[in-house]
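Me: I am new to this structure and would like to learn how to read its features one at a time. Could you take me through a few of them, giving the general idea before each case?

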Amino acid sequence: MAKYVGAVDQGTTSTRFMVFDHSGKVVGYEQKEHEQIYPKPGWVEHDPLEIWQATQEVISGTLKKLHLEPKDLAAVGVTNQRETAVVWEKATGKPVYNAIVWQDTRTDLICNELAKDGGQDRFRTKVGLPLATYFSGMKIKWILENDPSLKAKAEKGEILFGNIDTWVIWNLTGGPKGGVHITDVTNASRTFMMNLETLDWDPEMLQVLGVPRAMLPDIKASSQVYGYAKGDLEGVAVAGDLGDQQAALFGQTCYSPGEAKNTYGTGCFMLMNTGTKPIQSKNGLLTTLGYKIGKEPAVYALEGSIAITGALVQWIRDNLKMIEKSPDIEQLAKTVEDSGGIYFVPAFSGLFAPYWKSDARGAIVGLTRYINGGHLARAVLEATAYQTAEVLEAMNKDSGVELTALKVDGGMVFNETLMQFQSDILGVPVIRPTVAETTALGAAYAAGLAVGFWEKVEDLRANWGKDKEWHPAMAEETREKLYKGWKKAVTRTFDWVEN
């Protein structure tokens, strides 16, 4: 009897393979970073072959380290950076272009063109999304227009498209030698091409974007057996697939409508379970799929996506060389009492929720001679908390549910200063679970459910445990004043780029 479930967690900056036991605890993992490619301002790419190579290395490394064989794993799930688009040759597995990453803004002209007739929300009721550079449908359109010879191949199904989940699963199950070409509802809901009601590719959206149906993967549930792995995981069922933020929602056991989580990674993503009916946002949020387990009805979510949070700490580290390691930001921030009246709005690639302004750019406002590195470090952390507060405000308005506590996960939740400020600015408790790796855990849960390793969704709640909780300790008056200042700072970044 297999004792464990594995999960490939393919993120924006690195790839991990994690192994979990029946109680949802991490048994072990390996992680490998990959290169970030910036060919022009606003362009962000990854090498899909480097990502697949890293995936193979972390799988073999983890199995070796834990002395495991494929038979020890009941199933493997995949979770991934979403909206990052890969197009490759079916016969060879060779990408026709680098992966265009979710943060990339090169498709802004395509979005502007499509918005001329009906505005940014022209297709929102159908796909749940505003027209924005974020989504992968526009990226495929760009790739096909950039190389006219590709269109005919796409129509014949000789070249294939996938978000990163599709690319990893195709390679994992054999690649050119019979790899399965699938995606799940959560990833498909981020392409701008899936109809929220039918959970299938929408013919009108394909026509609008000029994307041939033959190049697209089949849309499946988030938890079902898609195929069987080749290579180091030979014969293991590949049975779970969730975009990273939906995987975190699932791993955080947000299974009832109104339950929400916030993941602090490269960007920040808050998702709220809204049940089995999609709720259309009037406040700049995305209507997205939460998960779909086997033949059960799909569960929907509202999402607030913030482009730059952890990436701002990396920027302070790599571009300004103010700290050596990302966690050092907390020590630097602690050298001062507050941010000295400055705000840092990290609109490096425009603003995501709730504004959706691709022409915004980053700004530090309120500078005086008094400001030092400590104030800047604190403003960096506070930017994450303020952006989260804006998303939560929109979520409360859309859902009609006042959130009473926020479950948090991701790398930044070990920053105590940030978590306390987050609770202060939200005015609600912030709760960190014992397993902070909820993204990989969610993918493992989905895979394990599909093969009976776990019986039913409700059984997973018993695995969730609280590690630490922060309570608001800020006067209401101070909170309002600080938040008002933030809102003012954000408006200073609007309309910076003139096309």
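Reply: Let us begin with the place of a residue in the chain, keeping in mind that this is a predicted model. Asp328 belongs to helix H11, which covers residues 328–333.

Me: Is Asp328 buried or exposed, or in between?

Reply: The general idea is to compare the relative accessible area with two cut-offs, since buried means under 20% and exposed means over 50%. Asp328 has a relative accessible area of 24%, so this residue is partly exposed.

Me: Which residues with a positive phi are not glycines?

Reply: Because its relative accessibility is 1%, Glu83 counts as buried. Thr253 is also not a glycine and has a positive phi of about 55°; its loop runs between helix H9 (244–251) and strand E13 (260–264). With a relative accessibility of 2%, Thr253 counts as buried.

Me: Which residues does a cis peptide bond join?

Reply: For a peptide bond one reads omega, and the bond that joins Ala353 and Pro354 is cis, with omega about -5°. Pro354 is found in the loop between strand E17 (343–345) and strand E18 (363–365).

How values were computed:
Residues numbered from 1 in each chain as written. Predicted model: local features only at pLDDT ≥ 70, side-chain atom pairs only at ≥ 80, totals over all residues. Heavy atoms only, no water. Helix = DSSP H or I, 4+ residues; strand = E, 2+ residues; numbered from the N terminus. Buried < 20%, exposed > 50% of the residue type's maximum accessible area, 1.4 Å probe, protein only.
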